Amino acid sequence: MAVIEIEGLHKEYRRVRGSRVVALDGLDLTVEEGGVFGFLGPNGAGKTSTVRCLLALVRASAGSCHLFGANPQRGELHKVIHRIGAIVETPTPFPGFSGRRNLELLARIGGVSRARVTEVLEQVGLASRADDRVKGYSLGMKQRLGIGAALLKDPELLILDEPANGLDPAGIREVRELLRSLGAQGRTVFVSSHILSEVQQTCDRVAILARGRLVTAGGVREVLSGGDAGAVIVKVIDEERAVEVLGAAGIGATVVQEGVRARVAPDEAARVTEALARANLYLSELRPDAKDLESVFLELTADSPDLEPAELRGKGSGAQ
């Protein structure tokens, strides 16, 4: 079942002097139910504009988007809002109130019981600090409190815009573990992010945006493999001889910087070891030839003028 459906979404913003900026240029995207979905793109790619269109915070210029079948752009968000929790940009709780008091105020507005507040504080790992003032919380704790606010209605879908932005490594780890646990519960967690290493460790599926258009989407492993069958890297003393032996066995191989790259799926690596052993070539190392998400991201968005490597490593603001 698709919880998010976007078709031909187009969004333009008008600058002060009348010129127009295209934020979304015919975006198509489908997000199926369950797990953690990473929504990636360089600054200016259209991530936040997409989130704002989904939540009816801005009006799309053209195209459509649906949440659980309801079209927010046509005033239908109220039909499904009870099934959705969201954070857009940084949460701003009252610093002089405790975490519990902040959630209780929101719960009262939303008609949520106080018992649910206690459940949420446990869920986001803040039960032991629930009665401390928020001004004493770390950034990671404040972000978890914000996610807790989005969880008050026990939503099926969470939409989180840059939930780890500005956090230190400890805070990022806290948020990562929380998102994993929420996805494992059967919720759909839609995460807009530019911290690629975290997305790779957290998400089940991913979509990459560039210049307002979808570049690729799929399971994280599928995106990392680029759709090919995969390969393994082997280390042997005589690399040229290993390439010849593997070629004779019907396994394509080349010498690369890391060793010999054999074009077989990692689960078929026994074919490589068997062929080399028959030729008295013995391995000192064998491992999957796995790209990381940052490498794939940079390849796919290489023509984006707004790409800033420092921000890809979590050092930038991430604002769009």
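Student: Which element gives the largest share of the lining of the largest cavity?
Tutor: This is a predicted model, in which local features need pLDDT of at least 70 and side-chain atom pairs count only at pLDDT 80 or more, while totals for chains, interfaces and linings use all residues. Residues are numbered from 1 along each chain as its sequence is written, and side-chain values use heavy atoms, with hydrogens and water left out. On a 1 Å grid over the protein atoms alone, a cavity is a set of points where a 1.4 Å probe fits but cannot get out, and lining residues have an atom within 4 Å of a point. The largest share of that lining, four residues, comes from H5.

Student: Which elements give two or more residues to the lining of the largest cavity?
Tutor: The lining has 13 residues, of which Ala164, Leu179, Val191, Glu198 and Thr202 lie nearest the centre of the cavity. Taking helices (H or I, at least four residues) and strands (E, at least two) as DSSP runs numbered from the N terminus, the elements that give two or more residues are helix H5 (169–184), strand E7 (188–193) and helix H6 (196–202).

Student: How do the residues lining the largest pocket divide into nonpolar, polar and charged?
Tutor: A pocket is an open set of grid points with protein on both sides within 12 Å along at least five of seven lines, and the largest one has a volume of about 410 Å³. It is lined by 20 residues, of which Asn102, Leu103, Leu106, Gly146 and Ala149 lie nearest its centre, and H2 gives the most, with six residues. If Ala, Val, Leu, Ile, Met, Phe, Trp, Tyr, Cys and Pro count as nonpolar, Asp, Glu, Lys and Arg as charged, and the others, Gly among them, as polar, the lining divides into 14 nonpolar, five polar and one charged.

Student: Which residues have the most contacts inside the largest nonpolar core?
Tutor: A nonpolar core is a set of buried Ala, Val, Leu, Ile, Met, Phe, Trp, Tyr and Cys residues joined through side-chain atoms within 4.5 Å, where buried means under 20% relative accessible area, exposed over 50% and partly exposed in between (1.4 Å probe, protein chains only). Leu182 touches Gln123, Ile147, Leu151, Leu158, Arg187 and Val189, with contact meaning heavy atoms within 4.5 Å and residues up to four places away in sequence not counted. The largest core has 43 residues, and those with the most contacts inside it are Leu40, Ile147, Leu179, Leu182 and Val189.

Student: How many residues apart are Arg213 and Asp25, whose side chains meet in a salt bridge?
Tutor: A salt bridge is a side-chain nitrogen of Lys or Arg within 4 Å of a carboxyl oxygen of Asp or Glu, and Arg213 is partly exposed at 48% relative accessibility, as is Asp25 at 27%. The side chains of Arg213 and Asp25 meet at 3.2 Å, N to O. This pair links distant parts of the chain, with Arg213 in strand E9 (residues 213–219) and Asp25 in strand E2 (residues 20–32), and the separation is 188 residues.

Student: Which residues are linked in a network of salt bridges?
Tutor: The whole structure has 16 salt bridges. A network of them links Arg116, Glu119, Asp154 and Arg187.

Key. Points joined across faces, edges and corners; volume = space filled by probe spheres on them.
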